[in-house]
Amino acid sequence: MSGPAAGAAHAATTSDVVCLGESMVTFLPSQPGRLADVPSFGRAIGGAESNVACALAAAGHRAKWVSRVGADGFGDHLVEAISRYGVDTSAVERDPDRPTGIYFRTATDRATDTYEVAYYRAGSAASAMSPANVPAEDALCGRILHLSGITAALSGDCLSLLHSLTAPRPGRPLISFDVNHRTGLWRDADAAPAVLLDLARRSDLVFVGEDEAEEAWGLHGAEAIRAALPEPGVLVVKRGAEGATVFSGPRPSVAGGPESVTTVPALRVDVVAPVGAGDAFAAGFLSATLRDLPVRDRVRHGHLMAAAVLTVPGDLTDPPARAHADRLVALDDTAWETLRLGPGWTAADRASEEVPTP
């Protein structure tokens with residue numbers, strides 16, 4: 001598959017993956033219920049791209065996070081917390097005039113009607129990211145550059161930055177794009193579908209959920225999504241409990257030959273908290289991509305990373321040891337489909353294994 005080769009062609013790589021986007025201090029409820037009824041909150045970190053960076057670093061890859069935070073205590077906390085995962089934060093700029101974003105959320109699933117989130121990110125330091133203050137050499141120094149549609153929603157400057165980074169150029173790293181359609185973030189919600197579709201078409205590897213493709217573009221099913229997005233070399237359609245379908249290889253509209261379509265069932269998971277799974281899935285898929293594993297194994301690693309997060313209360317956790325994950329990925333189809341994972345599964349044999357560096 002062209003993905004790893006494309007990334008490896010970048011001559012000046014200093015990281016395996018660069019993740020660019022806003023991270024915020026997130027306040028997690030001490031108990032279920034409406035935000036109005038929650039008496040206290042615990043502090044954590046939240047951000048799609050930094051979540052991916054943390055998971056990849058914890059899995060032994062060289063991960064770099066590029067962003068801006070305020071010159072405030074919340075900015076200090078974000079940089080320190082993300083650094084503790086082993087992520088390179090040297091390209092994170094401090095803005096003396098704009099604050100670090102924060103948000104509060106309920107404990108329920110984002111997809112349910114009872115989910116609430118209160119963002120305090122308007123005018124944040126990260127929303128001021130632009131081609132003028134984010135050096136291209138910081139963002140383009142990896143084998144893979146991972147972006148998401150959340151950044152596009154933050155401001156016109158942020159959208160300009162994404163357009164600049166996804167533009168064709170010699171030695172461009174593999175561009176990974178998670179659509180991450182969040183209707184509430186867009187000031188002009190009507191503009192979001194076209195913007196996200198354009199960014200996805202400019203990318204090499206795209207992650208999109210069936211539900212968000214239906215909401216944003218009115219598309220139903222993986223085949224319809226592929227028809228609307230023929231350009232990316234790899235298209236990963238996340239189908240919830242049904243698993244994921246990956247389109248890869250030569251596309252009929254581009255190379256005239258049949259492409260590969262791989263569907264991998266999701267795992268059965270005893271869910272503790274239904275947050276962070278999408279970012280973890282992307283991290284697992286990217287980790288396996290960096291290792292040049294087969295497409296099926298990339299999806300399975302994505303499912304395992306997602307299962308690690310789903311079985312803990314927060315958005316982040318240590319991934320399974322690589323050898324442990326590889327053994328599970330190698331299961332036959334029947335064993336994979338009957339595997340069930342619950343809280344504590346990632347520690348099953350971590351005590352006797354070390355996560356190797358790539």
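In the predicted model, L20 has V66 of β4 as its bridge partner. The contact belongs to a parallel pairing: strand β1, residues 15-20, is joined to β4 by four bridges.

Both strands sit in an open sheet of eight strands. The order is β4-β1-β9-β10-β11-β12-β13-β14, and the pairing is mixed. The edges are taken by β4 (63-66) and β14 (260-264). Each has a single partner strand, so one side of each is left without a neighbour in the sheet. For β4, β1 is the strand next in the order. Neighbouring strands of this sheet are turned against each other by 15 degrees on average, direction ignored.

An open sheet of four strands is also formed, in the order β3-β2-β7-β8. Its pairing is mixed. Strands β3 (41-46) and β8 (117-120) lie at the edges, and each pairs on one side only.

A helix packs on the four-stranded sheet. This is α3, residues 73-84, which touches β2 (24-29), β3 and β7. The direction of α3 makes about 65 degrees with that of β3.

Key:
Residues numbered from 1 in each chain as written. Predicted model: local features only at pLDDT ≥ 70, side-chain atom pairs only at ≥ 80, totals over all residues. Heavy atoms only, no water. Pairing = 2+ DSSP bridges. Helix = DSSP H or I, 4+ residues; strand = E, 2+ residues; numbered from the N terminus. Axes fitted to C-alpha atoms, helices over the stretch in contact; angles between N-to-C directions. Contact = heavy atoms within 4.5 Å.
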